[in-house]
Amino acid sequence: MAGASLAAECAGYAKVVVLEGEDTPGYHTTGRSAAFWEQTYGGPGVVPLTLASGDFLRDHGFLTRRGGLYLAREADAPILETFLDRYAGSGVEIARYDRADLLGVHPDLDPRWTCGLYLPDCADIDVAGLHQHYISQMRQGGVELQLRWRVEAIARDGDRWVLGDSRGRRVTATRIVDAAGSWADGVARMAGARALGITPFRRTVAQLRTDPAPRPDLPLTLDINGRFYFKPEAGRLWLSPHDEEPSEPCDAAPEEAAIAHAIDRFAHVLGWKVEAVERKWAGLRSFAPDRLPVFGYDEDAPGFFWCAGQGGTGIQTAPAAARLCAQLLLDLPRDAMTRGLDAALFAPGRFGRSRNRGS
């Protein structure tokens, strides 16, 4: 999503080539999203990007309101208050729920869940539709998309970059955008730029057949402690243990232990019978050390631009993030979508120059 959306935003202003290592775009994290737009997801620093993307996503029909419900036990009251304090004044609408409110949503809710928070604007997001929108915009704008093109070497030749693969193909460019997701630090090392410590973490999701089947109008339901979330999807339940396991960059696969943890935690929420695990998958969410995205030119490698570290928020923030990155990359003026965004929060230079180049 990051590469496609930024390429689409740059089309018409520059000649753009997108190098995709897989047989099809969006094979990794983009194609494995849990497909929700939740304004607090990613923390307060990401909220402005999420909110700035909202009008675009709604106006283009990519959002369907669902609502989001955080569940808490009595002992979680301080955590709930901290959550409210973190997002006070952020522009996110949040309502307190008591036990009666929770039962109005989940009549089978275990009695230990006594309070919660409701986010009415939380929505499902049409990930495939959004991605195809950007792919279409890329093509209409003359962007060249190269599939099965794995970058294996990057070097400088005067004022240009030369990228090569194992089959001897070469691409030259005045600027490189590192939108390689979990592989972002590896691409930076090849270019002699500073590795910023962008680390992939595995997230697992399972599709369950349950008795009873979930109502289609149920909200996205999350644990205030970050131990699970679930939502209905076409008569089934999508359930995650909200896992975050460090991983090497790879084609992530779900682990049975993560699925078992998810089902065990779900059993203490609604007590529904899990009749079958029909499907399971995993994706990698990549974080910078401070867990904010990295957008901007590297201070040590001329013409090397970062668009990485979105930490799983890359889809819900794609419109604003891509617009902002295009403006920074091509020195374009801000517009209504990006005018309120503080680009310095996401600049790679925020990590200083203490890391060794290429380390």
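**Cavity, pocket, cores and backbone**

Author: The largest cavity holds about 60 Å³ of space. The model is a predicted one, in which local features need pLDDT of at least 70 and side-chain atom pairs count only at pLDDT 80 or more, while totals for chains, interfaces and linings use all residues. Residues are numbered from 1 along each chain as its sequence is written, and side-chain values use heavy atoms, with hydrogens and water left out.

Reader: What is a cavity, and what is a pocket?

Author: Rolling a probe the size of a water molecule over the atoms shows where empty space is left. On a 1 Å grid over the protein atoms alone, a cavity is a set of points where a 1.4 Å probe fits but cannot get out, whereas a pocket is an open set with protein on both sides within 12 Å along at least five of seven lines; lining residues have an atom within 4 Å of a point. Grid points are joined across faces, edges and corners, and a volume is the space filled by probe spheres set on the points. By this rule there is one cavity of 30 Å³ or more.

Reader: Which elements give two or more residues to the lining of the largest cavity?

Author: They are H1 and H8, and H8 supplies the largest share, four residues. Helices (H or I, at least four residues) and strands (E, at least two) are DSSP runs numbered from the N terminus. The lining includes Ala-2, Phe-295, Cys-307 and Cys-325. By class it has seven nonpolar, four polar and no charged residues; Ala, Val, Leu, Ile, Met, Phe, Trp, Tyr, Cys and Pro count as nonpolar, Asp, Glu, Lys and Arg as charged, and the others, Gly among them, as polar.

Reader: What is the volume of the second largest pocket?

Author: The volume is about 560 Å³. Of its 34 lining residues, Thr-40, Gly-42, Gly-43, Arg-86 and Tyr-87 are the closest to its centre. Helix H3 (77–87) gives the most to this lining, five residues. The lining divides into 14 nonpolar, twelve polar and eight charged residues.

Reader: Which residues touch the most other members of the largest nonpolar core?

Author: A nonpolar core is a set of buried Ala, Val, Leu, Ile, Met, Phe, Trp, Tyr and Cys residues joined through side-chain atoms within 4.5 Å. Buried means under 20% relative accessible area, exposed over 50%, and partly exposed in between (1.4 Å probe, protein chains only). In this core of 41 residues, they are Leu-57, Ile-125, Leu-130, Tyr-134, Met-138 and Phe-295. H8 provides the largest share of the core, eight residues. Apart from it lies another core, of 22 residues, including Phe-36 and Trp-281.

Reader: Why does Gln-207 count as buried?

Author: Gln-207 counts as buried because its relative accessibility is 14%. This residue belongs to strand E13 (residues 199–211), and its side chain makes a polar contact of 3.0 Å with that of Trp-238. A polar contact is a pair of N or O atoms within 3.5 Å; within protein, one must be able to donate a hydrogen and the other to accept it, and residues adjacent in sequence count only if both atoms are side-chain atoms.

Reader: Where is there a cis peptide bond?

Author: Most residues other than glycine have a negative phi, and most peptide bonds are trans. Here a cis bond joins Asp-211 and Pro-212, with omega about 5 degrees. Ala-234 has a positive phi, near 50 degrees, and at 79% relative accessibility it counts as exposed.
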